[in-house]
Amino acid sequence: MAERYKTGEKAPENGTYEFDGLVNGGNNADVTEDEKHIELSNGDTFPPTRSNKDAAYWKKAK
C-alpha cells in the first residue's frame, strides 16, 4: 500500500498527490474532483480539503 500523509504533515518530495479519504471518516462525496489532486514541493504542508476544510489523507500519485 502506498504511504499516506495527513493534513498538517510535510511533503517528503516534490510531486502530485491525490486525495485518499477524510481523516474523520466523513463523506468523500463532498470532495470535488478538482481538489482531489494537488501539486506540492518538498517540505510543503499537506492541506485540508478546500470545499469543507476537513483534514484529509493524501498519497503520491503514480
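A search of the whole structure finds 4 aromatic pairs. Rings of Phe, Tyr and Trp (for Trp, the six-membered ring) pair if their centres lie within 6.5 Å; planes under 30 degrees apart count as stacked, over 60 as edge-to-face and the rest as tilted. The model is predicted: local features need pLDDT of at least 70, side-chain atom pairs count only at pLDDT 80 or more, and totals for chains, interfaces and linings use all residues. Residues are numbered from 1 along each chain as its sequence is written, and side-chain values use heavy atoms, with hydrogens and water left out.

One of the pairs joins Tyr-17 and Phe-46. Their rings sit edge-to-face, 5.0 Å centre to centre, with 90° between the planes. Tyr-17 lies in strand β2 and Phe-46 in the loop between β3 and β4, so the pair ties together parts that are 29 residues apart in sequence. Strands (E, at least two residues) and helices (H or I, at least four) are DSSP runs, numbered from the N terminus. Are these two residues buried or exposed? Tyr-17 is buried at 0% relative accessibility, and Phe-46 is buried at 1%. Buried means under 20% relative accessible area, exposed over 50%, and partly exposed in between (1.4 Å probe, protein chains only).

Phe-19 belongs to strand β2 and Trp-58 to strand β4, so the pair ties together parts 39 residues apart in sequence. Phe-19 is buried, with a relative accessible area of 12%. Trp-58 is buried as well, at 1%. Ring pairs also link Tyr-5, Tyr-17 and Phe-46 into a cluster.

The largest nonpolar core has 11 residues, among them Tyr-5, Tyr-17, Phe-19, Phe-46 and Trp-58. Such a core is a set of buried Ala, Val, Leu, Ile, Met, Phe, Trp, Tyr and Cys residues joined through side-chain atoms within 4.5 Å. β2, β3 and β4 each supply at least two residues of this core. Which strand gives the largest share? β2 does, with 3 residues.

Now the charges. Side chains of opposite charge can pair when their charged atoms come close. A salt bridge is a side-chain nitrogen of Lys or Arg within 4 Å of a carboxyl oxygen of Asp or Glu. By this rule the count comes to 6 salt bridges. One of them joins Lys-60 and Glu-13, with the closest N and O atoms 3.4 Å apart. Lys-60 lies in strand β4 (residues 56-60) and Glu-13 in the loop between β1 (4-6) and β2, so the pair ties together parts 47 residues apart in sequence. Lys-60 is partly exposed at 29% relative accessibility, and Glu-13 is partly exposed at 41%.

Asp-34 and Arg-50 meet in a salt bridge at 3.5 Å, N to O. Asp-34 is exposed, with a relative accessible area of 57%. Arg-50 is partly exposed at 47%.

Finally, Glu-35. This residue lies in the loop between β2 (15-22) and β3 (37-40). Glu-35 is buried yet has no salt bridge. The nearest side chain of opposite charge, Arg-50, is 4.8 Å away (Lys and Arg count as positive, Asp and Glu as negative; His and the chain ends are not counted). The backbone nitrogen of Thr-32 lies 2.9 Å from a polar atom of the Glu-35 side chain.

Terms used
A polar contact is a pair of N or O atoms within 3.5 Å; within protein, one must be able to donate a hydrogen and the other to accept it, and residues adjacent in sequence count only if both atoms are side-chain atoms.
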